[in-house]
Amino acid sequence: MSRPRRMPFTRQMMMLQVAVVAALGVVTLLVAGFFLRSTLQHQYEQRALSVARTIAADQGLGDLVADDRQPQVQKVAAAQERSTHALFVVITNDRGVRLAHPNPDEIGKMVSTDPDEALAGKENVSIERGTLGLSARGKVPLRDSSGGIVGEVSVGFAATDIHDALRRVLFIVLPWALAAVLVAVLLTALLGRRLKRLTLGLEPSEVADLVREREAVLHGISEGVLAVDTERRVTMCNAEAIRLLGKEVRLGADLDELALAPDLQRLMRHPDEHGRAVTAVSGRRVLVAKHRPVALEDGTDLGGVLTVQDRTELEELTSELAGVRSMTSALRAQRHEFANRMHTVMGLLHTSDVDDAIEYLSDSVKFASNEELMEHVRSNTIRAFFAGKQSAAGESGVALVLSEQSWVPRKLIAPVEVITVLGNLVDNAIEAARTSATRPARVEVDLLPEGTGLVISVANTGDGISSDRAESIFVGGVSSRGTGRGMGLAIARTTAEGLGGSLRLTALGEESAETVFVAVLPNVLETSEVQEDL
């Protein structure tokens, strides 16, 4: 079932912006109209009061009212009404009876509004409805030449004048309000276009979906992903990358601050356009890393993405498989050797050469004398390892021996780590001795306890190592025997350091001396003596 189509966000934003601006405009007009109307009313009231004061200031008019000379009073009022454009000018006597009015029929009648305040000598202004309609009026007392109050002067301006003035002002303001709405629409449209460009034409809901999907993918895959921008700053990193790299990665951090393994640093500085895999050692892990540059279709560089996979378990399984194969080869060789010895002894006995048979058996016992040395090694793990490696080394023409001083009094509590270090050192030593011109080819292993730790020394009669390569041989992928090699010593060193120990080259093998590697592995032996490993 398809999702109902939504209105585009930019259109929603435009409509909302227009509605807000329109609402603000209407409210502004209403508030401005209210205050403007109050201001205009006040101005018209003051104008009416000012005209009334001017008319009442004529003392001759007061005498005319006092003498009840109505025609002259009406004439003065009509003249003032024309000159001031007032709605009316009404003049009364001291009883509130009109002596002048725009409508002659109203003359001689009481005024329609209360005259008491003006006749009491007070001025007042108001918006009131009279015989001529709603008007803004001002009332003042009228005095004669003696100063006595003889009536009132009331001047009014039509309320329609106020409304007309208010409409004129609002019509001036209205175009500006409409212009503000148009500007808001234009700016909203421009903002919408920019937002479209920034989001590559996606709606915000689609961007949110993409972010959720990205997070689900990044944290759901088994690979570590680390992305950097063109300034080599981290822009993205998933939990698997943090686990494999063994680093606390902060978004925005410079790549150099992470202190990655040398192989990974070289890969990040010189990315491979074809995404070839590079094997690197990071901490105690063997990683396969790829780095691809990222760019838009127009060629804009966006940085790069580093992906890392854990090959530690694969390397351990490979080592275990190699050990099983070595053990199988050793057992096969020993079976054939034992059968040959039995056939030889049987033949000598058939020919009654008892003395030769005894001599042959004595030589066989001497050949197996290395088994006596193994009695000093209480770890069945190490003994099984040597049983397999000695046969494999013998097939390669290399003598693998355990020194007479070797002694392992207790079982191992970290057999995987110990065999990882010992196995890689022995394999490298056998390979070096096998390919050397020195004969006889020999590898000697010395195992000594140091508290609960174990010191492993492996010497070989190979061609030796030049001093300028003394440290580089411990870097993953560095080997003089071709590509895809050079991981053994790197894994051995990181394993030793992971235990809190060390691995170093103590003799380069120059001037016909042996090449010697020494590994110190603390806390790998049981604290109490045992007879054998479980």
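## Ground rules

Two strands count as paired if DSSP finds at least two bridges between them. Helices (H or I, at least four residues) and strands (E, at least two) are DSSP runs, numbered from the N terminus.

This is a predicted model, where local features need pLDDT of at least 70 and side-chain atom pairs count only at pLDDT 80 or more, while totals for chains, interfaces and linings use all residues. Residues are numbered from 1 along each chain as its sequence is written, and side-chain values use heavy atoms, with hydrogens and water left out.

## Strand β6 and its partners

Let's start with β6. This strand, residues 224-228, pairs with β7 (residues 234-237) in the antiparallel sense over three bridges, and A227 sits opposite M236 in β7. The two make a hairpin with five residues between them, and R232 in that turn has a positive phi of about 60 degrees. β6 is also joined to β10 (residues 301-310) by five bridges, again running antiparallel; here L226 faces L306.

Is β6 buried or exposed? Five of its five residues are buried (under 20% relative accessible area, with exposed over 50% and partly exposed in between, using a 1.4 Å probe and protein chains only). G224, L226 and V228 lie on one side, V225 and A227 on the other.

## The five-stranded sheet

Elsewhere, five strands make an open antiparallel sheet in the order β2-β1-β5-β4-β3. Its edge strands, β2 (98-100) and β3 (124-130), each pair on one side only. Inside the sheet, six bridges link β1 (residues 88-93) to β5 (residues 149-158), with N93 partnered by G151.
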